[in-house]
Amino acid sequence: MTSGSPPGSPPSQGSQRKRGSTKDSVGLYAVQCYVCYKWRMIPTKEEFETLREKFTEDPWFCSRRPECSCDDPADIEYDSSRIWVIDKPNIPKPPPETERLVIMRRDFTKMDTYYVMPNGKRARCAGDVDKFLEANPEYKNRISVSDFNFAPPKVVEETVSHNSAWKAAKAKKQDKADASSAQK
C-alpha cells in the first residue's frame, strides 16, 4: 500500500538523517484499486492512514477519487524505479498527539516502526507505551496500548537495488539462519 524512495538511494536523507529523527522513510503513499488493481497516489500520510485503517472492510476504488475511474491510466506503475514497501491493512490511525513512523534500515532489508509520543519520545513496542502511560497518567483516558500497532511494512525485495551493502546484509542474515539450523 505504500512505496518509498528510488532504489540505491538512502532512506529519506539516509546517512545525513540523525539517529532519533522524526522523519519517515516513506516518500510517497499509494493505494491499489480493488477493481482494476491500478496504483493511485494518496496526497497525504493522514489520508493514507485513514484508508489503511478500514481497508479490508471498506476497500478502495478509483471511483472514490473525484474525476477518476478505472479507465484512467495508473498514477504510478509498480516497478523498480523506487523501493516499494507494503503496509498491512487495518492498522489503526495513530492516537491523537502521536505519530507513527516507519524507518528503512540502512541495508534496506526491513523497516522499523516507532510512535512519537506526546512528550516527543519514541515508543518502539507496547512496553514503551505502558511506560509512557505510567509516567504520564493524564493520557490514560485518551490513549490505550491497544491503539498502537508496531507491525512494520514489508520491503518488496525485488524493488531493492542489489548493491553491495544490501547483498552483505542478506548474506549475513542467511549465515545466521544457517548457523541456527545447524545447531539444532
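Student: Where is E53 found?
Tutor: E53 is part of helix 1, and please keep in mind throughout that we are reading a predicted model.

Student: And is E53 buried, exposed or partly exposed?
Tutor: E53 counts as partly exposed, because its relative accessible area is 26%, a value that falls between the 20% limit for buried and the 50% limit for exposed.

Student: What does E53 touch, leaving out residues up to four places away in sequence?
Tutor: With those left out, E53 touches N90, I91, P92 and K93. For one of these, K93, the C-alpha to C-alpha distance to E53 is 6.1 Å, although 40 residues separate the two in sequence.

Student: OK, so let's look at K93. Where does K93 lie?
Tutor: K93 lies in the loop between strand 4, residues 84-86, and strand 5. K93 counts as partly exposed, because its relative accessibility is 34%.

Student: What else does K93 touch?
Tutor: Not counting residues up to four places away in sequence, K93 touches E49, T50 and E53, and also D147. K93 can also be set against L51, which is 42 residues apart from it in sequence and 9.3 Å apart from it in space, C-alpha to C-alpha.

Student: Which residue in that loop has a positive phi although it is not a glycine?
Tutor: That is N90, with a phi of about 70°, and its place is in the loop between strand 4 and strand 5. N90 counts as partly exposed, because its relative accessibility is 34%, and N90 is among the residues that E53 touches.

Student: What about Y37, what is its phi?
Tutor: Y37 has a positive phi of about 65° although it is not a glycine. Y37 is found in the loop between strand 2, residues 28-32, and strand 3, residues 39-42, and it counts as exposed because its relative accessibility is 55%.

Student: And W39, is it buried or exposed?
Tutor: W39, whose place is in strand 3, is buried, because its relative accessible area is 10%, which is under the 20% cut-off. In space W39 and A74 are 5.5 Å apart, C-alpha to C-alpha, while in sequence they are 35 residues apart.

Student: Back to helix 1, which of its residues are buried?
Tutor: The buried residues of helix 1 are K45, F48, E49, L51 and R52. Seen down the helix axis they fall within an arc of 165°, so they line one face of helix 1.

Student: And which residues are buried in helix 2?
Tutor: In helix 2, which covers residues 126-135, the buried residues are V129, F132 and L133. They cover an arc of only 95° around the axis, which puts them on the same side of helix 2.

Student: What covers those buried residues, and what sits on the face turned away from them?
Tutor: The cover over the buried residues of helix 2 includes strand 7, residues 122-123, while the face turned away from the buried side carries the exposed residues K131, E134 and A135.

Student: Changing topic, how many cavities of 30 Å³ or more does the structure hold?
Tutor: The structure holds one cavity of 30 Å³ or more, and about 80 Å³ of space lies in the largest cavity. Of the 12 residues that line the largest cavity, the closest to its centre are Y29, R52, D87, R100 and V102.

Student: Which element gives the most to that lining?
Tutor: Helix 1 gives the most to the lining of the largest cavity, with four residues; the elements that give two or more are helix 1, residues 45-53, and strand 5, residues 99-104.

Student: And what is that lining like by class?
Tutor: The lining of the largest cavity has six charged, five nonpolar and one polar residues.

Definitions and conventions
Residues numbered from 1 in each chain as written. Predicted model: local features only at pLDDT ≥ 70, side-chain atom pairs only at ≥ 80, totals over all residues. Heavy atoms only, no water. 1 Å grid on protein atoms, 1.4 Å probe; cavity = no way out; pocket = protein on both sides within 12 Å on 5 of 7 lines; lining within 4 Å. Points joined across faces, edges and corners; volume = space filled by probe spheres on them. Nonpolar A, V, L, I, M, F, W, Y, C, P; charged D, E, K, R; others polar. Buried < 20%, exposed > 50% of the residue type's maximum accessible area, 1.4 Å probe, protein only. Arc of directions from axis to C-beta. Contact = heavy atoms within 4.5 Å.
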